[in-house]
Amino acid sequence: RDDDDINDVASMAGVNLNEESARILATNSDLVGAQMQSCKDEPFLAAIPLHKRILETAKKLGITDVPAEVVTFISHATQNRLRTVIEKVTVITQHRMESYKDDEWYEQATDVRSQLKFFEQLERLEKQRKDEQEREILLKAAKSRSRQEDPEQARLKQKAKEMQQQELAQMRQRDANLTALAAIGPRKKRKLDAPGLLTVGGEGVGLCGGSQAGLGTAAPRQYPRQKITRVNLRDFIFYMEQEPDMSHSLLLYRALLK
């Protein structure tokens, strides 16, 4: 009777131990009976060349023996360092490739591309104005009827004559091209019944990989295109500028000189 008077804490909390045990076994059912073993420790770098390189550096410091555990540790450290560098540079590249054009929280402050187009248009108009002025000077020189002509006047007349011949040749070439296009007529695009299907003699011939070909109308299988992140030298330079131990290194200055 004394044992019955003791209150069960689990029962008071509304927890059924049998149900909880069955639920735990059902959750970890894939691990029951499975044998776990450790994987073989494979070094990231080649052990023999790395060991020779470490020995060459250690001999300069008076060390004659380097155990294999040191080689494995340095190999794993190199792998971890390389993974960290690649992750950071990948984040920098993805941030550079992000476009905020359609983001409602950003507004465009400057448009360098439009400014460059504007300057190019100004240069084009200035060049066109100078060409027209030079053309007027040449035409005036060609129409002049002065009896005593200096060599400069003769040179301007010859240049005006060459310019007129060049313009006449360009007009003839343009007229010939327009005539040829009018004779050919509008180009018509050949319509295919389905992508990857050729029509030969009214029958559909599906193209397969290699030299195989079969009849049918099935479109070729389209595999999902993997997104590729392309890292360039500017991303690495930006990464080295942000790293405290590489911001003043010789490697950074060499990269900036390339």
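## Burial and the predicted model

A residue counts as buried when its relative accessible area is under 20%, and as exposed when that area is over 50%. Aspartate 235, at 3% relative accessibility, is therefore buried. The structure described here is a predicted model. Of the 258 residues in the protein, 12% are buried.

## Overall architecture and confidence

The protein contains nine helices and three strands. Read from the N terminus, the elements follow the order α-α-α-α-α-α-α-β-β-β-α-α. Among contacts between residues at least 6 apart in sequence, 44% join residues at least 24 apart. The accessible surface amounts to about 24000 Å², and carbon and sulfur atoms account for 54% of it.

The average pLDDT is 78, and 74% of the residues score at least 70. Residues 3-7 have a pLDDT below 50, and this stretch has one contact beyond near neighbours in sequence. Residues 193-216 also stay under 50, although the model shows 29 contacts for them beyond four places in sequence. Where pLDDT is low, the predicted coordinates should not be read in detail.

## The nonpolar core

The largest nonpolar core is built from nine residues: Val85, Val89, Ile92, Ile237, Tyr239, Met240, Met246, Leu252 and Ala255. Helix H5 (68-97), helix H8 (233-242) and helix H9 (250-257) each contribute at least two residues to this core. Apart from its neighbours within four places in sequence, valine 85 is in contact with Phe236 and Tyr239.

## Salt bridges

The protein has seven salt bridges. In one of them, arginine 96 pairs with aspartate 235, the closest N and O atoms being 2.9 Å apart. Arginine 96 belongs to helix H5 and aspartate 235 to helix H8, so this pair ties together parts that are 139 residues apart in sequence. Arginine 96 is partly exposed, at 38% relative accessibility, whereas aspartate 235 is buried.

Another salt bridge joins lysine 88 to glutamate 243, with the closest N and O atoms 3.2 Å apart. Lysine 88 lies in helix H5 and glutamate 243 in the loop between H8 and H9, so the pair connects parts 155 residues apart in sequence. Lysine 88 is partly exposed, with a relative accessible area of 36%, while glutamate 243 is buried at 12%.

## Helix H6

Aspartate 131 and lysine 127 form a salt bridge, their closest N and O atoms being 3.3 Å apart. Both residues lie in helix H6, four residues apart, or about one turn of the helix. Lysine 127 is exposed, at 54% relative accessible area, and aspartate 131 is partly exposed, at 37%.

Phe118, Phe119, Leu122 and Leu125 form a nonpolar surface patch with about 400 Å² of accessible area together. Leucine 125 lies in helix H6 (residues 112-143) and is partly exposed, with a relative accessible area of 48%.

Note on methods. Residues are numbered from 1 along each chain as its sequence is written. This is a predicted model: local features need pLDDT of at least 70, side-chain atom pairs count only at pLDDT 80 or more; totals for chains, interfaces and linings use all residues. Side-chain values use heavy atoms; hydrogens and water are left out. A nonpolar core is a set of buried Ala, Val, Leu, Ile, Met, Phe, Trp, Tyr and Cys residues joined through side-chain atoms within 4.5 Å. Buried means under 20% relative accessible area, exposed over 50%, partly exposed in between (1.4 Å probe, protein chains only). Contact means heavy atoms within 4.5 Å. pLDDT is the predictor's confidence in each residue, from 0 to 100. Patches are made of residues with over 30% relative accessible area and no salt bridge: like charges are joined within 9 Å, nonpolar side chains (Val, Leu, Ile, Met, Phe, Trp, Tyr) within 5 Å. Accessible areas come from the Shrake-Rupley method with a 1.4 Å probe; for residues, only the protein chains shown count as cover. A salt bridge is a side-chain nitrogen of Lys or Arg within 4 Å of a carboxyl oxygen of Asp or Glu.
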